[in-house]
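Subject: Structure handover

Hello,

Here is the structure I promised to pass on. Please open it first, then read my notes below.

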Amino acid sequence: MNVLEQIQQGVISYKPPAVKAACELALSEGLEPQRIVQEGLIAGMAVVGGKFRRNEVFVPEVMIAARAMQAGLSVVKPLLSHSEVKALGTVVIGTVKGDMHDIGKNLVAMMLEGAGFHVVDLGINTAPLRFVQAVQENAAQVVGISSLITNTLPSMKETIQALQQAGLRRQVKIIVGGAPVSQAFADKLGADAYAADAAAAVDKVKEMLGLAV
Amino acid sequence: MGRDLPTVIIAERINPTGRQRFAADLLRGDLTYVKEEALRQAAAGAEILDVNVGVAGIDEPQALREAVRLVMDTVEQPLCLDSSNPEALAAALDVYRGKALVNSVTAEEASLAEILPLVAQHRAAVVALPHDERGISPDPGERIRLAGRILERAAALGISASDVIVDAIVMAVSADGGAALVTLETLRRLRDELGVNTTVGASNISFGLPDRLTLNLTFLAMAIQNGLTAPITDPLLPGLRRLCRSADLILAKDEWAMRYLDDYRRYPPS
């Protein structure tokens, strides 16, 4: 097994220390940091994402796989140039104002990172203006908005309006999700996409940016 | 409902979240499913029926009022009016006969100011979620503190502690391995320090995991021992009602096993 396969295997079998060690080994062998990320960490996470979609692995396994990936990234990331970090694009993500739910949003964030995106996670109870600021500060291409309660759905609308008013609507693609959200509601809001689960969210984000799914 | 009394099942199935067809029916004003679920859950042994009609784009005050009317005319069980929209709650409380349970108030200032006066005005009871603007605390002590704040604010409006059911808040163990322990400790302290009735949305525990039934039932038994008096759950889950009756018997909340045996006769093992 070469070192890139070791990294993949470490992510797939949820072993943060093994992934970290394999990344250090890869660097000492002179592999390009970008290649370690793409062909090691992200390739491993893609396998986990596929299994998750097929119900072969479950939420705790995705979480620990993401942690393994992060352990590897902590070694490699400092060596990546700025442009390399943002290879696929930047996604700002958060749960809307008034809503405290975060598991689904966290899963989407992890899967996006695992797919190679730079993710800016604003957390829960996020005011519309914080979304706007984060898009401006990070020159994001995508905004992900989560709402799990019917009563906070208006916050979703306000967030999209705030992005419009700030003149950012053409710059960013908007994807929405959460239990009470549907494709029909997303259309009504004027969002660019709706995803029913974390794996679908990654596909939709790639699709919106014209990347291969 | 109380610490030495049998467990009360609040039935959760009249809720369109995650049920696309029910959501579509509600948007068209078709309440057939509401009626069917009311009958089905009552037959399965539900003691209180939660009614939630929250769908994106619905006229919630009108929809909740009509759904509550229909369920009241269909079954005898008391209802739990479930919405975070004060106007919807007011509309439903206006037509409700008897003592309603309102679901829910939080420790957020806006929620305390909007929901509690409605509860007081209609002499209803209320489910209290002990979180504030900062979100849900992983610290049982903080949840107890916020529950205490809600109880104080309720008392100031003449709502007695016996009319407040505190939700100990269940988070998924798939995302945080310690989540259930936090809930169980919160339940114990709510019982021992505040002496209040308690609820949980029991099925949250198993989010993201396979074979949710076993996890849900196992957690429910543990929660009842730790002070849970009125879970919000799905009474159609196989074994759920009998588990509650069994736990009550084991914890000496069912003298001479009368309820357990009544349950056995009413629902004989197949």
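Which residues of α3(A) are buried? They are A:I36, A:V37, A:G40, A:L41, A:I42, A:G44, A:M45, A:V48, A:G49 and A:F52. A residue counts as buried if 20 or more other C-beta atoms lie within 10 Å of its own, as exposed if 12 or fewer do, and as partly exposed in between, with C-beta atoms placed from the backbone.

Some ground rules. This is a predicted model, in which local features need pLDDT of at least 70 and side-chain atom pairs count only at pLDDT 80 or more, while totals for chains, interfaces and linings use all residues. Residues are numbered from 1 along each chain as its sequence is written, and chains are lettered from A and ligands numbered from 1 in the order in which they are written.

More on helix α3

Helix α3 of chain A covers residues 33-53. Its 21 residues should span 30 Å at 1.5 Å a residue, and the end C-alpha atoms are 28 Å apart, which agrees. (The expected span is 1.5 Å times one less than the number of residues.) The helix bends by about 30° at A:I42. That bend is the angle between axes fitted to the seven residues ending there and the seven starting there. A:I42 is also one of the buried residues of α3(A). After the helix comes A:N55, with a positive phi near 60°.

What do the buried residues of α3(A) pack against? The partners in chain A are α1 (3-12), α2 (16-28), α4 (59-76), α6 (103-114) and α10 (198-208). Contact means that two C-beta atoms, placed from the backbone, lie within 7 Å.

Chain A as a whole

Chain A has 10 helices and five strands. These are DSSP runs numbered from the N terminus: helices are H or I with at least four residues, strands E with at least two. The radius of gyration of chain A is 17 Å, close to the 17 Å from the globule rule for 213 residues, so chain A is as compact as a globular protein of that length. The radius is taken over C-alpha atoms, and the rule is 2.2 Å times the number of residues to the power 0.38. Buried residues make up 54% of chain A. Of its contacts with a separation of 6 or more, 72% are between residues 24 or more positions apart.

Two domains in chain A

The assignment gives domain 1 (3-84) and domain 2 (86-208). Such bounds come from an automatic or database domain assignment. The C-alpha centres of the two domains lie 25 Å apart. Their contact takes 13 residues from domain 1 and 10 residues from domain 2. On the domain 1 side, α3(A) gives the most, with seven residues. By class, that side has eight nonpolar, three polar and two charged residues. Ala, Val, Leu, Ile, Met, Phe, Trp, Tyr, Cys and Pro count as nonpolar, Asp, Glu, Lys and Arg as charged, and the others, Gly among them, as polar.

Chain B and the interface

Chain B has 10 helices and eight strands. Its C-alpha trace spans about 45 × 45 × 35 Å along the principal axes. Of its 270 residues, 47% count as buried.

Where do the chains meet? 18 residues of chain A are in contact with 20 residues of chain B. On the chain A side, α4(A) supplies the largest share, three residues. That side divides into 13 nonpolar, four polar and one charged.

Best wishes
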